[in-house]
Amino acid sequence: MANNDRTKGIKDLRPAYHQEGAEEAQRERACIERIKNRPDRPRTYFVATMGCQMNARDSEKLTGILESIGARPVAEEEADIVIYNTCCVRENAEQRVYGRLGYLKSFKQKRPGMKIVLCGCMMQENTVIEKLKKSYPQVDLIFGTYNIYKFPELMEAMLDSPDQIIDLWQEQKDIVEDLPSIRKYPFKASVNIMYGCNNFCTYCIVPYVRGRERSREPENIVAEIEALVKSGVKEVQLLGQNVNSYGRGLDHPITFAQLLEKVNAIEGLERIRFISSHPKDLSQELIDAMGRLDKVCPQFHLPLQSGSDRLLRLMNRHYTKDQYLDEVRRLKEAVPGVSITTDIIVGFPTETRADFEETLDVVRKVRFDGAFTFIYSPRVGTPAASMQQVPPEESKKNFQELLDVLEEIGTENMKKWKGQTVSVLAEEVSKNDSRMLSGRTVENHLVHFTAPQCLIGQTVDVVIDQTTAFYMIGHLRDEVAE
Ligand code: 5AD
Ligand code: SF4
């Protein structure tokens, strides 16, 4: 049947009653078994991760389910099932999705059996769904951020029905543990410790699409990491929109520092990282724990957003420039050599040159080791979208200046590593040179070094020969018997 002949309907697959997470997981696993035995199951898949680490972690869950039904990864154009795991933090990420759907349409016309699936943050926006229903009939299945664990059931429904299936929830019902997932690396893994965000920064759409903060039980987190370590994982990254407020809503509340303590005690684990922190919730207890716990890496991602007190207020960030600088000072004191990275937005509504210079001032004072920089993108439904916008040319000019200053500081910061021996977890063969491996130091600096592939997954000592703002080049300190 040609794609445009299909009669599209919408199915509401919401469960009629609230179920426990364990039962849900069992139901999904049974569904995976049924799909595995279907002759019309997808044999090949392609999953595009379009957003942050949380989005990437969700993709691992989707991939795990697809692998469990016996599908294997291929190029997008050849896949039986194509999944776009979308992001909506900035407008251009959304435009890319529409563009790619247009591109896929011709492939689907030639091969109507191809299934196109959309999920992730962008799907939680009503305006997006209206547009997809109206203009993108090539999409077979749409679901959101709260019901990702139901992917097996949704896939089964998609295989059973010619209709466009849309299943969107407005809130999380359960935190479902224990579904299959596929990790990119066997030796490092990301672990969700909480979902959602309560902060409502005025520019940000995340609280609207990922809902309120929900922490996982510490026992479940520890059990998951113990199992990961048994399977060969050396490094974990704990994920949450604001890990500093971890544990607040639990029946037996615990702090993030206390959770770190428990994770640090897991035998065999080597490195612990976490993102993201909110400066308004950074406690002295956490700073002290960073200094004390040997497996917690000397690296801290502390999103600044702006250095202007006026803009921080308009952003609803609940801290001042001086408070931020004081936190950085205390972190550097407690964790000597700590690497500090940040997020910065340029061109927030009403931003003046004077506001931007306050941001530059913080950048120069902190001397960040890295930064994710963004030009403000108005998001419908957020308070900042209806504030006075600034001319894009000005934002672009300031943005470039910020990049230049960050690069200059990064270059200077990295010079101190030249001639030093650093401990590197070797991750993969370097993209530009197959005789080299790439890996990360405890500070999360990227290192390329000449070494045999058998060292992938090992922590090795590397002597640094050369540095740039973004990476270092080195050689193994000790000879390796191949
Ligand atoms: N425009 C630009 N950047 C944004 N971020 C979040 N929302 C927006 C937006 N509307 C940035 C913030 C946040 C990071 C994940 O994305 O810096 O910390
Ligand atoms: Fe968005 Fe602010 Fe929550 Fe981060 S803390 S996800 S920027 S609302």
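These legends describe close-up views of a predicted model. Local features need pLDDT of at least 70, side-chain atom pairs count only at pLDDT 80 or more, and totals for chains, interfaces and linings use all residues of this predicted model. Residues are numbered from 1 along each chain as its sequence is written, chains are lettered from A and ligands numbered from 1 in the order in which they are written, and side-chain values use heavy atoms, with hydrogens and water left out.

**View 1. I225 in the largest nonpolar core.**
A nonpolar core is a set of buried Ala, Val, Leu, Ile, Met, Phe, Trp, Tyr and Cys residues joined through side-chain atoms within 4.5 Å. Buried means under 20% relative accessible area, with a 1.4 Å probe and protein chains only. The largest core holds 68 residues. I225, V236, L238 and F256 touch the most other members. Beyond its neighbours within four places in sequence, I225 is in contact (heavy atoms within 4.5 Å) with V191, V236, L238, V263, I266 and L269. Another core, of 28 residues, lies apart from it; M50, V97, I166 and L168 are among its members. In soluble globular proteins, nonpolar side chains tend to be buried together.

Residues count as near a ligand if one of their heavy atoms lies within 4 Å of it.

**View 2. Polar atoms beside ligand 1.**
A backbone N or O atom of Y203 is 3.0 Å from a nitrogen atom of ligand 1. An N or O atom in the Q305 side chain lies 2.7 Å from an oxygen atom of the ligand. For a polar side-chain atom of D343, the distance to an oxygen atom of ligand 1 is 2.6 Å. The protein covers 85% of the 410 Å² of accessible area that ligand 1 has on its own (Shrake-Rupley method, 1.4 Å probe).

**View 3. The surroundings of ligand 2.**
C197, C201, C204, H278 and R317 are among the residues around ligand 2. Its shell has seven nonpolar, three polar and one charged residues.

**View 4. S277 and its contacts.**
S277 counts as buried because its relative accessibility is 2%. Leaving out residues up to four places away in sequence, S277 touches N242, V243, N244, F300, H301, L302 and P303.

Notes. Buried means under 20% relative accessible area, exposed over 50%, partly exposed in between (1.4 Å probe, protein chains only). A polar contact is a pair of N or O atoms within 3.5 Å; within protein, one must be able to donate a hydrogen and the other to accept it, and residues adjacent in sequence count only if both atoms are side-chain atoms. Ala, Val, Leu, Ile, Met, Phe, Trp, Tyr, Cys and Pro count as nonpolar, Asp, Glu, Lys and Arg as charged, and the others, Gly among them, as polar.
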